[in-house]
Amino acid sequence: EAELPGVYAKIAGGDKRSLNADRPIVLDGSQSYDPANVRIQNETFEWQCIKENSTGYCSGLTLDDKAVVTIPPSRLKPGVYFFQLTYSKESRFSIARSRIILLPAGGFSPLV
């Protein structure tokens, strides 16, 4: 049995974004792909959120295991967050990360 090539996780918008806290956050992993295009293997999407300078995951935030996830406005306070997507097909997986700076409403922030 030939070994299949790896899969690729991709988050639309790149690995760094700045967004206003009064707008929804759209996490879009739909551009993740399997170069072998194995249709019989189910693909899975697993999202995680980690707040910068904290001890772990974004408290109280549950992200659906879908290609595209929307976080409602004001669900997260202004700050810096890291979102991670693990895209997998059976034993093959890939990880993509995006750093999102969430600015207060109005778009101005002392964060750099």
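The model is predicted, so local features need pLDDT of at least 70 and side-chain atom pairs count only at pLDDT 80 or more, while totals for chains, interfaces and linings use all residues. Residues are numbered from 1 along each chain as its sequence is written, and side-chain values use heavy atoms, with hydrogens and water left out.

Side chains of opposite charge can pair when their charged atoms come close. A salt bridge here is a side-chain nitrogen of Lys or Arg within 4 Å of a carboxyl oxygen of Asp or Glu. The whole structure has four salt bridges.

One of them joins K89 and D34, at 3.1 Å from N to O. K89 lies in strand β5 (residues 79-89) and D34 in the loop between β2 and β3, so the pair ties together parts 55 residues apart in sequence. Strands are DSSP runs of E, at least two residues, numbered from the N terminus.

R92 also forms a salt bridge with D34, with the closest N and O atoms 2.9 Å apart. R92 is in strand β6 (residues 92-103), 58 residues from D34.

Are these residues buried or exposed? Buried means under 20% relative accessible area, exposed over 50%, and partly exposed in between (1.4 Å probe, protein chains only). D34 is buried at 8%, K89 is buried at 6%, and R92 is buried at 10%.

Now the cavity. Its lining residues, which have an atom within 4 Å of a grid point, include A21, R23 and L102.

Note on methods. On a 1 Å grid over the protein atoms alone, a cavity is a set of points where a 1.4 Å probe fits but cannot get out, and a pocket is an open set with protein on both sides within 12 Å along at least five of seven lines; lining residues have an atom within 4 Å of a point. Helices (H or I, at least four residues) and strands (E, at least two) are DSSP runs, numbered from the N terminus.
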